[in-house]
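Please read it with the structure open beside you.

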Amino acid sequence: PKYMFGLRRYCKALSCHGVPCTFFSLDEAHNPQDVNLVLYFHGGAYCIGNAEMYLPQFYKLCLEMRKHRPDVPFGILSVEYSLAPEYKFPVALNQALEVYKWALFHCSRSIVLAGDSAGGGLSVAVLLRAQEESLRSADGLILISPWVDPSGESLPSAHLESTKYADFLRKQELAEMSRSYVYGSRGREEEGEKKNCEQTKGPETYEGEVGENKYSRSDDHQNSSSSTTSSNGINSSSSSSSSRFSVSHPLVSVMRANTQQLSRLPKTLVFSGGREILSPQIKMFVKRLKPDMCTHVEDTRAMHIWASGWPLLAKEGAEGTAKMRNFISDLV
């Protein structure tokens with residue numbers, strides 16, 4: 001769109017450990033190393049979108065930070081992760097983790113992870129992987145209508161019926177895109193699972209292992225070396241390929257991560273809308289976080305990603321931006 005051309009003067013194209021990113025700051029002299037950084041993962045059900053799709057929202061948040069905290073250098077690094085079905089899980093996750101590692105190494109100020117919809121789920125997955133690799137956690141986490149359960153098992157039919165004409169998301173489309181993300185080809189699960197089990201590796205594609213399967217919810221302290229199954233139906237054996245590469249994998253459906261790991265997430269700000277179809281799973285996810293570490297902002301009249309202000313939600317977006325500004329300001 002033409003209105004975005006003027007905003008691109010605030011952008012810098014970067015390569016962070018080989019992953020293309022866009023850095024956005026109102027101070028053109030700034031670099032990610034100089035600022036309090038928001039590391040942003042865009043939504044789009046892992047199948048659509050790009051790093052520059054929220055430039056107007058980035059501009060508004062940067063402007064709010066400049067107005068209310070002029071003493072705080074601030075910028076946003078938006079990640080151009082690879083999309084399904086051409087690039088299936090765990091390519092996007094591995095790329096996102098590489099950018100996070102880059103940020104940890106280069107940035108001396110605060111780092112906040114943020115994302116909307118699928119990008120919200122990806123943000124959580126990055127921090128779960130960071131725990132696995134004993135990396136420093138982010139200073140904060142912002143989740144805008146996060147897609148935390150692509151398995152679709154937390155979409156009650158009654159809620160789907162009540163939001164049929166209120167939200168632009170549809171259950172069938174989400175199911176199709178979640179399969180594309182995991183299996184790489186829409187609806188071809190068996191073929192995709194077979195290809196995933198081959199686990200071809202390489203620095204060019206970021207394909208390969210996602211680490212030991214230490215993420216399954218196992219509140220009963222099951223032995224992770226056995227081939228037992230948790231109460232959520234997730235195989236806790238680290239040698240089970242089908243468990244690692246399914247839509248129920250806890251790094252895909254992060255709501256299924258174990259309680260101990262979720263308890264180690266940083267201070268979190270979660271937005272949801274009462275009229276979006278993801279509302280039930282977001283509420284379930286919030287209940288699994290530490291109450292003193294999570295702030296849940298729900299607009300009961302709003303639909304998906306209302307807090308971003310996209311595409312035609314200027315009033316709601318302004319409210320969401322103000323809350324994000326206050327959340328970030330309290331962390332720096």
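1. N94, for example, is found in helix α2 (residues 91–106). This is a predicted model, in which local features need pLDDT of at least 70 and side-chain atom pairs count only at pLDDT 80 or more, while totals for chains, interfaces and linings use all residues. Residues are numbered from 1 along each chain as its sequence is written, and side-chain values use heavy atoms, with hydrogens and water left out.

2. The sheet. Two strands are said to pair if DSSP finds at least two bridges between them. In general, strands of a sheet pair through backbone hydrogen bonds, either parallel or antiparallel. In this model, eight strands form an open sheet with mixed pairing, in the order β1-β2-β4-β3-β5-β6-β7-β8. Its edge strands are β1 (11–16) and β8, each of which pairs on one side only. From one strand to the next, the twist averages 20°. Angles run from 0 to 180 degrees between N-to-C directions, and axes are lines fitted to C-alpha atoms, for helices over the stretch in contact.

3. Strands β3 and β5. Strand β3 (residues 36–41) runs parallel to strand β5 (residues 111–116), and five bridges join them. Within this pair, V38 stands opposite V112 of β5. Helix α3 (residues 118–132) packs on the sheet and touches β3, β5 and β6 (contact means heavy atoms within 4.5 Å). The direction of α3 makes about 145° with that of β5.

4. Strand β7. Six of the six residues of β7 (residues 268–273) are buried, so the strand is largely enclosed by the rest of the structure. T268, V270 and S272 point one way from β7, and L269, F271 and G273 point the other way.

5. Neighbours of β7. Strand β6 (residues 140–144) pairs with β7 in the parallel sense over four bridges, with I142 opposite L269. Strand β8 (residues 294–299) also pairs with β7 in the parallel sense, over six bridges. From β7 the chain crosses through helix α9 (residues 279–287) to β8, a right-handed β-α-β crossover. Right-handed means that, with the strands pointing away from the viewer, the path from the first strand over the helix to the second runs clockwise. Helix α9 lies across β6, β7 and β8, and runs at about 160° to β8.

6. Cysteines. A disulfide is a pair of cysteine sulfur atoms within 2.5 Å, and the count here is zero. For C11, the nearest cysteine sulfur is that of C62, 9.6 Å away. C11 counts as buried, at 19% relative accessibility. For C107, the nearest cysteine sulfur is that of C16, 8.4 Å away. C107 is also buried, with a relative accessible area of 6%.

7. Salt bridges. How many does the whole structure hold? A salt bridge is a side-chain nitrogen of Lys or Arg within 4 Å of a carboxyl oxygen of Asp or Glu, and the search finds 11. One of them joins R9 and E28 (3.3 Å, N to O). R9 is in the segment before β1 and E28 in the loop between β2 (19–24) and β3, 19 residues apart. E28 is partly exposed, with a relative accessible area of 45%.

8. Further salt bridges. R325 and E64 meet at 2.4 Å, N to O. Because R325 lies in helix α10 (residues 314–331) and E64 in helix α1 (residues 55–68), the pair ties together parts that are 261 residues apart in sequence. R325 is buried, with a relative accessible area of 11%. R301 and D299 form another salt bridge (3.7 Å, N to O). In that pair, R301 is exposed at 67%, whereas D299 is buried at 12%.

9. Salt bridges link E98, K101, R129 and E133 in a network. N94 and R129 are 35 residues apart in sequence and 9.0 Å apart in space, C-alpha to C-alpha. N94 is buried, with a relative accessible area of 11%.

Conventions. Buried means under 20% relative accessible area, exposed over 50%, partly exposed in between (1.4 Å probe, protein chains only). Helices (H or I, at least four residues) and strands (E, at least two) are DSSP runs, numbered from the N terminus.
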